[in-house]
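Below is a briefing on a multi-chain model, arranged by topic. Please read it alongside the sequence and the coordinates.

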Amino acid sequence: MNRRHLLAATGAAAVTPFIRPAGAQTLTRATLRLKWLTQAQFAGFYVAQQKGYYREAGIDLTINPGGPNLLTENLVASGADTFGLSGGTDSVFAARERNLPIICAGVMHQQTPFVFVTRADGPIRTLADFRGKTITTWFTGANFVLLGMLAQAGLSRGDFTMQPQQVSVQPFVDRQVDVVTATRYNEFFTLMQRVGRDNLRTFVPDDHGITFPRDTVIVSEQTARDRPQTVTAFLRATIRGWRDALRDGKAGVDAVMSVAPTLNRPHQEFMMEEAGKLMVAGGAAQNGLFWIDRPVVQAAHDFFLRHEVIKTRLDLAAAYNSSFLEAIPLADRMA
Amino acid sequence: MNAAAMAALRLMGGVILAGLAWEAAVVGFGIRPHLLPRLSDIFAAIALTPGAYWAGLQRTAAETLIGFAAGTAVGIANGLLFFRAPVLRDMLLPVFVVSQTIPVIAFGALVVMWFGNTLMAKAVIAFYLTFFPVTVNTLLGLNSVDPRQAALLRSFGATPTQILFRLQLPMALPQIFVALRLGASLSLVGAIVGEWFGDNTGIGVLLLQAMYNESVVALWAAILCAALLGTGFYALVAWAERRIVFWGAEQ
Amino acid sequence: MSGTSAARGVLGAVLILALWEATARGFALPAYTLPAVTQILAAVWEHRAALQAAALVTGFEAVTGYAIGALAGIGMATLLVLARPLRVGVLPLLLAINSVPVVAWSPLVLLWFGVGVSSKIVMVALAVGFTIFLSALAGFDRVDRRSVDLMRSFGAGRMGIFWRLRLPAALPLIAAGLRVATVRSLIVAIVTEMLGAYGGLGWIIYQSVTLIDFVQVWAAILVASTLSLAFFGAVGALERRFIFWR
């Protein structure tokens, strides 16, 4: 059963999706691995798939959701998936440092997608007030962003308690912790529901000069080298889907909910809206969706290097490749 | 068959009673919905998108059944093999034991790399959890057969195959079924955990989505589906046991 | 286990490890597919401090949950055997709860008991409790009806029958349940940690995956596996020491 996969994996050769005739036209079979479970954050991909944009671009695409303990970089590097929407600049750095043969071909969220949240009526008004407080955050990158922000306020590691955050924002709601980390499109919605928007104060990394682009489109080095036109075709169709989704958010949510019908619609509509803002912010305003803003990526790289999250200086020119995007006319990339 | 009808009726009465008690407890004690929602709210959530739950139920059931069937077949074959070849048993059984101490969920990516995103990948995990208890219990059951009985049959000119199918395997069946009942729930666990490695349909997917969206109602809806599947499958195995091992049923 | 079978077991393990090492090295597999055994051992040594701390957390959760679960399981089985009317009402409910796979409870338990140690202990106690409850109940019920009638005719009460007849009959099954539950307790603790925790082997596994350190994942699994086997062995040794009639 399924010897092909087994052989491919043990042989460590990347499985290049084979070309199969489908009717008159030849479609390239490919898969996209998302960074997380199906939700409106990925609406554009589902819109493009359901409207047949990928097929028109010659790609027979299967969208595979992510999950806890699945790493997109890993699955794309091994050839199990063709394309990936991976964690972000941080996970691309980590993958490149560990010699995973993947490159980034586009960046979805131009700004840091998460913020640090406190209670508006609480004792924390400035970053300096974080001293002695209990903070929960993700230990996969967000922790270093916060450390960097707090360093600007003169605080160092021992001045506060930092705990890993998973699953639930309930400890913050129950006032067991003072600061919680929230993506603008997901946890923040839950917080608004449980605590109320007016009772929340946010600390935005970008306001403190730390921008941390996330949700990166990745492909294996082999795909990038051997089939650049497929990568460009994928990006072109993806951007078409996203342009539709950004213009008509309701239809975008519909596309997602046709795949995952048990999701909560108001939450998904909020997510669509917020994720959309992140996509058109920063460099995307002039250079179109999925733009790789090199100075920003460089700054994030230097920041991580300074905090020793990555130990070695990376060749960013090799890790981030804009050529696939640039093969698409700018007018077609604009939101 | 009247007794069976009565039993079914009693069971139904019990389920309805438990449901009412749940509803009454939540309303009566004013339990906060994020701790325990009302049963009626959970049913309402299911009724809102019945298709998703039905599809999930079917998908997970298929994965469970395939994994269970494969686990049973391989487990019994292993047991027979180890019974006949003690050298293999001594060499491989400890390795099997070690394999069972590994939490599969840690290898989500490996499972996807090796078996893709298919129904089979989930069935493989269900299989992995099922085959071991079946192997061990088959071996135990075969070993518990009195050698004197086998010797007696042999003296009547029975071939080893005949002894196996007429004496040893039937005598081992009660033990094997103990493992099958365990395997019924383990294979469901395997299927659900397997669905956590990136999939669109299944009870495991519904559980995960509900958890990360902090939707307690949806979480309970998925748990009820899992309970339905778990009870149904367990009952099926128990029924098969009563039909097949009519001589050795407990009590 | 006799000397030869032990030797064969060691031989089997060595052969498999050699095959593993040869596959990983021979095909030059990248660490994200299959790291070599020696690489994993080196990682265990390199991260021994962190792994030891994590093993302590996970071990504590597993053993505490195991103890609670075992006591609750045996206690509940005893109660249901002694108080028949209770059994009719409670047993179906327990069986219904048990029919939900343990992992399905984990999201709920995490939301209820938080991300800390307590949610792991609850999950382990739940898994272990049901395993041992079911084996104890089967053991208590295993007695021959005629023996019960015989003892009753000699004037033995419910308690007398329980101590002299049911408990001795049930002990081997309870012991088997206790042994099986050891491995389960660690797996359940690790799985729950992977979904949300402040520390432990499961948390290390989760972190290592997101930080793309696959050798570390295998190292944590190796430690977990060793811990399971040690727990299994310890309970087995205790059983041999105290269940003298076997």
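In this predicted model, 48% of the 251 residues of chain B count as buried. Chain B has ten helices and zero strands. The predictor's scores for the model are ipTM 0.84 and pTM 0.87.

**Chain B: fold**

- The order of elements in chain B, read from the N terminus, is α-α-α-α-α-α-α-α-α-α.
- The C-alpha trace of chain B spans about 70 × 50 × 30 Å along its principal axes.
- Of the contacts in chain B with a separation of 6 or more, 76% are between residues 24 or more positions apart.

**Chain B against chain A**

- At this interface, 27 residues of chain B are in contact with 30 residues of chain A.
- On the side of chain B that touches chain A, at least two residues each come from helix H3 (50-84), helix H5 (108-115) and helix H9 (203-212) of chain B.
- H5(B) gives the most to that side, namely six residues.
- The side of chain B that touches chain A is made up of 15 nonpolar, ten polar and two charged residues.

**Chain C against chain B**

- Here 35 residues of chain C are in contact with 35 residues of chain B.
- Five helices of chain C each supply at least two residues to the side that touches chain B: helix H1 (3-26), helix H4 (84-99), helix H5 (102-113), helix H8 (158-195) and helix H10 (214-242).
- By class, the residues on this side of chain C are 26 nonpolar, seven polar and two charged.

**Chain C: confidence and helix H4**

- The mean pLDDT of chain C is 87, and 98% of the residues score at least 70.
- Within chain C, confidence is highest in H3(C), at a mean of 95, and lowest in H4(C), at 80.
- Where pLDDT is low, predicted coordinates should not be read in detail.
- H4(C) contains 16 residues and reaches 22 Å from first C-alpha to last, close to the 22 Å expected at 1.5 Å a residue.
- H4(C) has a kink of about 40° at Val90(C), shortly before the proline Pro92(C).

- Ala55(C) lies in helix H3 (residues 48-82) of chain C.
- Ala55(C) counts as buried because 20 other C-beta atoms lie within 10 Å, and the cut-off for burial is 20 or more.
- Leaving aside residues up to four places away in sequence, Ala55(C) touches Leu201(C), Val223(C) and Leu227(C).
- Leu229(C) is 174 residues from Ala55(C) along the chain, and the C-alpha atoms of the two are separated by 13 Å.

**Chain A: fold**

- Chain A contains 17 helices and eleven strands.
- Its radius of gyration is 20 Å, close to the 20 Å that the globule rule gives for 335 residues, so chain A is as compact as a globular protein of that length.
- A box of roughly 65 × 45 × 45 Å, taken along the principal axes, is filled by the C-alpha atoms of chain A.
- Buried residues account for 53% of the 335 residues in chain A.
- Of the contacts in chain A with a separation of 6 or more, 80% involve residues 24 or more positions apart.

**Chain A: helix H6**

- In helix H6 (residues 142-152) of chain A, the buried residues are Ala142(A), Asn143(A), Phe144(A), Val145(A), Leu146(A), Met149(A) and Leu150(A).
- These residues pack against strands S6 (114-119), S7 (134-137), S8 (161-164), S9 (179-183) and S10 (200-203), and against helix H14 (294-306), of chain A.

- Most residues other than glycine have a negative phi.
- Asn99(A) is not a glycine, yet has a positive phi of about 65°.
- Asn99(A) is placed in the loop between helix H5 (89-97) and strand S5 (102-109) of chain A.
- Asn99(A) counts as exposed because it has 11 C-beta neighbours inside 10 Å, where the cut-off is 12 or fewer.
- Asp215(A), also a residue other than glycine, has a positive phi near 60°.
- Asp215(A) is in strand S11 (residues 214-220) of chain A.
- Is Asp215(A) buried or exposed? Asp215(A) is buried, since 24 other C-beta atoms lie within 10 Å.

Note on methods:
Residues numbered from 1 in each chain as written. Chains lettered and ligands numbered in written order. Predicted model: local features only at pLDDT ≥ 70, side-chain atom pairs only at ≥ 80, totals over all residues. Helix = DSSP H or I, 4+ residues; strand = E, 2+ residues; numbered from the N terminus. Rg over C-alpha atoms; globule rule 2.2 N^0.38 Å. Contact = placed C-beta atoms within 7 Å. Nonpolar A, V, L, I, M, F, W, Y, C, P; charged D, E, K, R; others polar. Expected span 1.5 Å × (residues − 1). Bend = angle between axes of the 7 residues up to and from the residue. pLDDT = per-residue confidence, 0-100.
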